[in-house]
Amino acid sequence: MTKSITIKVATINDLDGIIKLQKANQTSQGGTLSGEITFDQIQEMMSDMPQIIAVDDNEIVGFLLTTSQAVNSNRKIPIVDAMSASYSGSSDSYVYGPICVSQTQRGKGLAQLMFQQLFKLEPNREGILFIKSDNESSIRAHEKMGMNKVSSFHFNNADFDVYAYLFGLPENNKHI
C-alpha cells in the first residue's frame, strides 16, 4: 500500500469526492456498485454514523458508507429493503456499504483498512451488507475480514448474498 494514503472519517468537504468515485464505479461505467446514493443521502448518513474514506494526495480513492436502521427506514431503497426482508439483523444493527476502492488502488488492502477504522468506531454492533453473488473478489475480501453469509435474495434478475458481522470479540462472528 502507498504510504501517502490516509484512512479517516469523512466530512462534508469530502462529499464531492465520494460522489465522483461512486459515479466512476457504477455498473454503467464497468464497475460493480449496485446503485447510487445522492449527495443529500450521504450528508444525512454522515450526521448519523461514521463514513470512512481513503485519501491519496487529496483525492478520495476509497469509501465505506454506513447507515443506521433508523436513517435507512426513512427512505426507500428497494435493494436494501430486499436485503432487510431476507435478514433483518439485531435492533441496533446497521447497513454496511457500499464500499468502493478506485481501480488504481485495488489489491492494496484499502477495504480492510477502512473496515478496521469502522471497527474501532462502532464496536459491538452488527453490520449487515449484501454482495452480488457473482462478485467473487468482494465475497473473498469480506469473508477474509470475518464476515459470514447469513442469507441471500434475488433482485432485478440478479442473486445477492447477505453477510453480517459483529464487532468486538472475535468469537462474535462465529454465531451470526
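## Overall picture

Among the contacts in the protein with a separation of 6 or more, 69% are between residues 24 or more positions apart, where contact means heavy atoms within 4.5 Å. This is a predicted model, in which local features need pLDDT of at least 70 and side-chain atom pairs count only at pLDDT 80 or more, while totals for chains, interfaces and linings use all residues. Residues are numbered from 1 along each chain as its sequence is written, and side-chain values use heavy atoms, with hydrogens and water left out.

**Fold and surface**

- The secondary structure comes to six helices and seven strands, these being DSSP runs numbered from the N terminus, with helices taken as H or I of at least four residues and strands as E of at least two.
- Read from the N terminus on, the elements follow the order β-α-α-β-β-α-α-β-α-β-α-β-β.
- Of the 176 residues in the protein, 46% are buried; buried means under 20% relative accessible area, exposed means over 50%, and partly exposed lies in between (1.4 Å probe, protein chains only).
- The accessible surface of the protein is about 9100 Å², and carbon and sulfur atoms account for 48% of this area; accessible areas come from the Shrake-Rupley method with a 1.4 Å probe, and for residues only the protein chains shown count as cover.

**Strand β3 and its neighbours**

- Strand β3 spans residues 59-68, and nine of its ten residues are buried.
- On one side, β3 runs antiparallel to strand β2 (residues 52-56), with five bridges joining the two; two strands are taken to pair if DSSP finds at least two bridges between them.
- D56 has E59 in β3 as its bridge partner, and the two strands form a hairpin with two residues between them, where D57 in the turn has a positive phi of about 55 degrees.
- β3 also runs antiparallel to strand β4 (residues 94-101), to which six bridges join it, and here F63 stands opposite C100 in β4.

**T66 within β3**

- T66 has its place in strand β3 and is buried, with a relative accessible area of 0%.
- A polar atom of the side chain of T66 lies 2.7 Å from the backbone oxygen of P50.
- Apart from neighbours within four places in sequence, T66 is in contact with M45, M49, P50, Q51, Y94, V95 and L118.

**Aromatic pairs**

- The count of aromatic pairs comes to seven, by the rule that rings of Phe, Tyr and Trp (its six-membered ring) pair if their centres lie within 6.5 Å, with planes under 30 degrees apart counted as stacked, over 60 as edge-to-face and the rest as tilted.
- The pair of Y94 and Y165 is edge-to-face, because their ring centres are 6.3 Å apart and their planes stand at 80 degrees.
- Y94 lies in strand β4 and Y165 in strand β7 (residues 158-166), so this pair ties together parts that are 71 residues apart in sequence.
- Y94 is buried, with a relative accessible area of 0%, and Y165 is buried as well, with a value of 1%.
- F153 and F160 form a stacked pair, 5.2 Å centre to centre with 15 degrees between the planes, and both F153 and F160 are buried.
- Ring pairs link Y94, Y96, F115 and Y165 into a cluster.

**Salt bridges**

- The structure holds three salt bridges, each defined as a side-chain nitrogen of Lys or Arg within 4 Å of a carboxyl oxygen of Asp or Glu.
- R125 forms a salt bridge with D92, in which the closest N and O atoms are 3.2 Å apart.
- R125 lies in the loop between α5 (110-121) and β5 (126-132) and D92 in the loop between α4 (78-86) and β4, so the pair ties together parts that are 33 residues apart in sequence.
- R125 is buried, with a relative accessible area of 13%, whereas D92 is partly exposed, with 43%.
- The side chain of R125 also meets that of E122 in a salt bridge (2.8 Å, N to O), and both of these residues are buried.
- K149 forms a salt bridge with D161, the closest N and O atoms being 3.2 Å apart, and this pair links distant parts of the chain, with K149 in strand β6 (residues 148-155) and D161 in strand β7, twelve residues apart.
- K149 is partly exposed, with a relative accessible area of 48%, whereas D161 is buried, with 8%.
- Salt bridges that share partners join D92, E122 and R125 into one network.

Technical notes
A polar contact is a pair of N or O atoms within 3.5 Å; within protein, one must be able to donate a hydrogen and the other to accept it, and residues adjacent in sequence count only if both atoms are side-chain atoms.
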